[in-house]
Each structure stands twice: as C-alpha cells, then as structure tokens.
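Here is a briefing on the strands and helices of one model. Have the sequence and the 3D view open as you read.

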Amino acid sequence: MTCRGMSAIRGRGIHYLHTLKAANVPAELIKNGQDRVIDASLTLIRERAKLKGEFLRALGGAKASASLLGVPLGHNSSFLQGPAFAPPRIREAIWCGSTNSSTEGGKELKDPRVLTDVGDVPVQEIRDCAVDDDRLMNVIGESVKLVMEEDPLRPLVLGGDHSISFPVVRAVSEKLGGPVDILHLDAHPDIYHSFEGNIYSHASSFARIMEGGYARRLLQVGIRSITSAGREQGKRFGVEQYEMRTFSRDRHLLENLKLGEGVKGVYISVDVDCLDPAFAPGVSHIEPGGLSFRDVMNILHNLQGDVVAADVVEFNPQRDTVDGMTAMVAAKLVRELTAKISR
Ligand SMILES: [Mn+2]
C-alpha cells in the first residue's frame with residue numbers, strides 16, 4: 001500500500017466530534033448530558049467488575065486474577081487510527097477454536113479464577129458526546145481503578161493506541177499509593193514531550209508517566225526507531241533503553257529480569273510493534289529488525305516480579321493479514337500475560 005493509500009484510511013477514521021458544538025445551545029445542557037453518559041459508562045464497568053470480584057471471592061483460591069478491560073481508542077495516533085478497532089478482534093482470537101484454552105505453562109483460561117472480562121470503556125460513545133481528552137483520560141483511569149477495587153481482579157488492558165498507557169499507569173500508581181517498575185516492549189520509546197502539538201499523543205505517553213512520578217524504573221526493550229530527542233528524553237528521565245542493535249549482547253540480562261521490589265509491583269506494557277513485522281504485520285508503524293515472538297515469551301516467562309497490571313496496545317486490525325495473524329499474536333500476548341498475572 002502506498003503512503004497516499006494510508007492517509008485515505010486515516011481520513012476514514014472516527015470523527016464523531018464537532019456535531020454538538022452549536023453556538024445557541026446552552027453549554028450546561030451539553031455538560032449535564034456528558035456527565036450522565038460518563039456516569040452510565042462507569043456504572044456498567046463498576047457493576048461488571050463488582051460481580052466478577054464477588055464471584056471470585058466466593059469461589060476462593062485466587063490471590064490475583066487477570067480481568068480484561070478494553071480501551072478502543074485510536075485518535076491519539078500520529079498515523080493510523082485502526083487500533084480503535086482492536087479489542088473485539090483480540091477477544092475473538094483469544095477464544096478461537098484453532099487452539100486450546102491453556103497457556104504455555106498450563107493455566108486454564110476458561111477458569112474464571114485465571115481470567116475474567118469487564119468489557120470496554122465506551123470510548124467512541126463518550127467522544128461522540130464531545131468529551132475532551134482531559135476528561136476521557138480520567139474516565140479510562142477511573143475504569144482501571146474500578147477493576148482494582150475488586151480484589152483479586154487486576155486490569156489487563158486491551159488497546160487502543162499507546163496513549164492509553166498514561167491514564168492506565170497513573171490510575172494503577174494512584175490506586176496502589178506509589179510508583180511501579182515498568183517493562184515496556186516497543187520499537188519506539190514514546191517519550192516525546194508532545195507530538196504534533198498533542199501532549200496525549202501515543203508518542204508521548206511515557207513522558208507523561210515519568211513526569212508524574214508513576215514509575216521508579218522504566219525499562220524499554222525492542223527499541224529501533226529512536227531520534228536524538230528520544231535518547232535525550234530517555235536520559236533526562238533515567239530510562240533504561242535497550243536497543244535492538246545490542247539485543248544479542250543484552251539478551252541474557254533481559255531474559256532474567258527481576259523487577260518491582262521495594263515499589264508497588266511491576267507494570268508490563270506491550271506494543272505489538274516490539275515484534276519484528278515478520279511476526280506481527282498488523283501494526284500502524286512497520287519497523288523491521290524487531291524481537292521474535294519467542295524472544296518476547298522468554299522475557300515475559302522468566303521475569304520475576306508481582307505483575308499488578310498490563311496492557312497490549314497498537315494492534316491495528318486494518319493492517320492485519322486477511323486471516324487475522326496479528327490478532328492471534330496479540331491474543332497470545334494477552335493469554336501469556338494472563339498467566340503471568342494470575343495466581
Ligand atoms: Mn511502537
């Protein structure tokens with residue numbers, strides 16, 4: 001596909017805003033309506049999380065259990081907006097009959113003590129009501145906190161573009177009362193102060209996280225598209241950037257990580273484009289020279305630490321192969337992260 005073809009796709013993205021901005025309509029009418037829609041959205045997530053939490057506590061036997069929360073948001077991407085359509089495709093692939101419901105280490109995904117689902121934050125419906133991003137990011141964070149409210153549930157967030165990691169990590173850190181260590185797998189450091197004027201850009205989420213003090217350590221792995229500004233920002237925030245060009249040298253260290261001691265735990269953020277595009281073509285930013293799927297599995301399986309929450313972001317179904325290969329890749333990342341979280 002040519003780049004011109006790609007901007008045509010971008011032009012067909014989601015554009016719900018603007019229709020509620022007539023000058024002669026009282027602002028309070030709109031504000032009150034937005035409040036009601038947001039309340040209703042949070043109520044459905046709260047009640048689903050509450051039911052699943054009560055159910056697991058009644059069953060007993062789970063100390064920590066992954067619960068899926070979809071965040072279908074794509075408008076903070078600097079290029080394509082397809083990640084807004086990812087959560088249902090990932091769920092479909094998790095339960096695809098072509099494979100069984102066991103994780104590699106033998107956990108059973110159909111056991112609710114291992115995995116539950118509280119549904120999606122209705123991002124498009126909220127944006128359709130002309131809610132701005134300051135508020136939308138708060139709704140995403142509130143939704144994460146509603147899941148964490150229900151012990152033993154822990155949020156496993158389905159993106160969405162990478163901008164969602166900022167409100168999610170902020171919520172996790174606020175809820176736990178301190179910073180976490182973050183393992184961030186990505187081709188890009190996503191640490192620009194802002195990108196094309198957008199402080200909520202998917203290229204800026206880790207600048208917001210580091211500024212907010214939500215992470216003690218940030219380890220970025222898989223990096224192979226980084227500018228001098230990205231390296232400077234990394235130094236400024238004390239980020240540990242592991243670039244692909246030295247991966248063979250760093251492999252042993254990265255496949256034996258121990259994180260989260262002395263802080264509130266470990267957060268894992270997986271951008272699907274950390275993988276080489278040979279393994280995961282369905283991403284917005286094709287960047288050759290990445291990790292193999294098994295490299296990622298080795299890093300995740302061998303990581304020692306209490307994983308308090310995680311996300312899988314930047315899967316773009318509009319760029320996937322016709323048979324949904326990258327959906328299966330994203331789903332397997334979610335399945336293995338589920339195994340990592342649940343115990
Ligand atoms: Mn990326």
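**Sheet and helix packing**

Eight strands make up an open sheet, ordered S2-S1-S3-S8-S7-S4-S5-S6, with parallel pairing. S2 and strand S6 (240–243) stand at the edges with a single partner strand each, so one side of each has no neighbour in the sheet. From one strand to the next, the twist averages 15°.

This is a predicted model: local features need pLDDT of at least 70, side-chain atom pairs count only at pLDDT 80 or more, and totals for chains, interfaces and linings use all residues. Residue numbers start from 1 along each chain as its sequence is written.

**Terms for the elements**

- Helices (H or I, at least four residues) and strands (E, at least two) are DSSP runs, numbered from the N terminus.
- Two strands pair if DSSP finds at least two bridges between them.

**Strand pairing**

- S1 and strand S3 (residues 153–159) are paired in the parallel sense over seven bridges.
- Ala66 stands opposite Arg154 in S3.
- S1 also pairs with strand S2 (residues 115–120), in the parallel sense, over four bridges.
- Leu68 has Asp117 as its bridge partner in S2.
- Strand S4 (residues 180–185) and strand S5 (residues 215–223) run parallel and are joined by five bridges.
- Ala215 in S5 is the bridge partner of Val180.

**Burial of S1**

- Seven of the seven residues of S1 (residues 65–71) are buried, so the strand is largely enclosed by the rest of the structure.
- Buried means 20 or more other C-beta atoms within 10 Å of the residue's own, with C-beta atoms placed from the backbone.
- Ser65, Ser67, Leu69 and Val71 point one way from S1, and Ala66, Leu68 and Gly70 point the other way.

**Helix against the sheet**

- Helix H5 (residues 133–148) lies across S1, S2 and S3, and runs at about 160° to S1.
- Axes are lines fitted to C-alpha atoms, for helices over the stretch in contact; angles run from 0 to 180 degrees between N-to-C directions.

**Helix pair H10 and H11**

- Helix H10 (residues 293–302) and helix H11 (residues 325–341) pack at about 15°, with axes 11 Å apart.
- H10 and H11 are therefore roughly parallel (angles under 35 degrees).
- Phe293, Met297 and Leu300 in H10 meet Val329, Glu336, Leu337 and Lys340 in H11, where contact means C-beta atoms, placed from the backbone, within 7 Å.
- The contact of H10 with H11 has five nonpolar, no polar and two charged residues.
- Nonpolar covers Ala, Val, Leu, Ile, Met, Phe, Trp, Tyr, Cys and Pro; charged covers Asp, Glu, Lys and Arg; the others, Gly among them, are polar.

Definitions and conventions. Parallel < 35°, antiparallel > 145°, perpendicular 65-115°, else oblique. Contact = placed C-beta atoms within 7 Å. Buried ≥ 20, exposed ≤ 12 C-beta atoms within 10 Å, placed from the backbone.
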